[in-house]
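The sequence and structure come before the discussion.

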Amino acid sequence: MKGIETKLKGCFILEPTVFEDERGYFFESFNENKLEAILGFKPSFVQDNQSKSSYGVVRGLHMQAGEHSQAKLVRVVEGAVIDVAVDVRKDSPTFGQSVAVELSAENKRQLFVPRGFLHGFSVVSESAVFFYKCDNGYNKESEDGVNPLDSDLAIDWQLESKDMILSEKDKGAQSFSDFTSKKR
């Protein structure tokens with residue numbers, strides 16, 4: 001497994017070593033020791049989640065705040081997405097900046113999203129099955145987020161606006177400026 005740190009400290013693209021032959025392929029999607037060597041600490045995942053979405057769906061930008069903050073290890077097992085992480089760690093030199101990475105069943109890449117980040121993705125294939133591990137359980141009272149189409153973030157979801165499908169919750173989510181004005 002190869003780890004590539006993005007411009008956002010602690011946020012890594014992970015590329016597995018894939019073994020292929022006439023039967024198909026094999027790769028490790030998770031190896032605690034290898035991930036620890038890349039991250040510099042041992043992650044402790046407590047929850048796995050999976051979703052399936054159709055073309056044009058934009059999910060996010062979400063996070064868990066405070067003591068329920070979550071780091072995530074995300075991947076796509078069917079289709080392709082543009083996966084986005086936004087640094088919202090108050091003291092970070094990259095506060096408010098984002099990275100966008102194509103994750104697909106074909107490229108088998110993963111993204112490690114540390115605590116203190118907003119996270120979301122857009123489906124750019126006919127459909128996509130998205131899988132992720134979290135290092136803390138979900139807590140509804142700690143849920144926070146930003147409208148994924150907020151112009152202050154200017155995220156390129158690689159979709160035409162007419163093709164985007166957002167939940168009512170995400171359509172009505174707060175602006176990035178309202179999010180940043182909260183005392184945390």
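## Lys42 and Glu32

Lys42 and Glu32 form a salt bridge through their side chains, with an N to O distance of 3.6 Å. The two residues sit in distant parts of the chain, 10 residues apart: Glu32 belongs to helix H1 (32-39), while Lys42 lies in the loop between that helix and strand E5 (47-54). The model is predicted, and the distances given here are computed from it.

## Asp48 and Lys133

A salt bridge also joins the side chains of Asp48 and Lys133, at 3.3 Å from N to O. Asp48 is in strand E5 and Lys133 is in strand E12 (residues 127-134), so this pair ties together parts that are 85 residues apart in sequence.

Which of these two partners is buried, and which is partly exposed? Lys133 has a relative accessibility of 17% and so counts as buried, since the limit for that class is under 20%. Asp48, with a relative accessible area of 44%, is partly exposed.

## Asp163 and Lys162

The side chains of Asp163 and Lys162 meet in a salt bridge as well, with 3.2 Å between N and O. Asp163 is partly exposed at a relative accessible area of 23%. Lys162 has a relative accessible area of 69% and is therefore exposed, because the cut-off for exposed is over 50%.

The structure holds 11 salt bridges, among them the pairs Lys42 with Glu32, Asp48 with Lys133 and Asp163 with Lys162. Side chains of opposite charge can pair when their charged atoms come close.

## The cavity

How many cavities of 30 Å³ or more does the structure hold? There is 1 of that size.

Strand E6 (58-64) and strand E11 (117-123) each contribute at least two residues to the lining of the largest cavity. Sorted by class, that lining has 4 nonpolar, 5 polar and 1 charged residues.

Note on methods
Residues are numbered from 1 along each chain as its sequence is written. This is a predicted model: local features need pLDDT of at least 70, side-chain atom pairs count only at pLDDT 80 or more; totals for chains, interfaces and linings use all residues. Side-chain values use heavy atoms; hydrogens and water are left out. A salt bridge is a side-chain nitrogen of Lys or Arg within 4 Å of a carboxyl oxygen of Asp or Glu. Helices (H or I, at least four residues) and strands (E, at least two) are DSSP runs, numbered from the N terminus. Buried means under 20% relative accessible area, exposed over 50%, partly exposed in between (1.4 Å probe, protein chains only). On a 1 Å grid over the protein atoms alone, a cavity is a set of points where a 1.4 Å probe fits but cannot get out, and a pocket is an open set with protein on both sides within 12 Å along at least five of seven lines; lining residues have an atom within 4 Å of a point. Grid points are joined across faces, edges and corners, and a volume is the space filled by probe spheres set on the points. Ala, Val, Leu, Ile, Met, Phe, Trp, Tyr, Cys and Pro count as nonpolar, Asp, Glu, Lys and Arg as charged, and the others, Gly among them, as polar.
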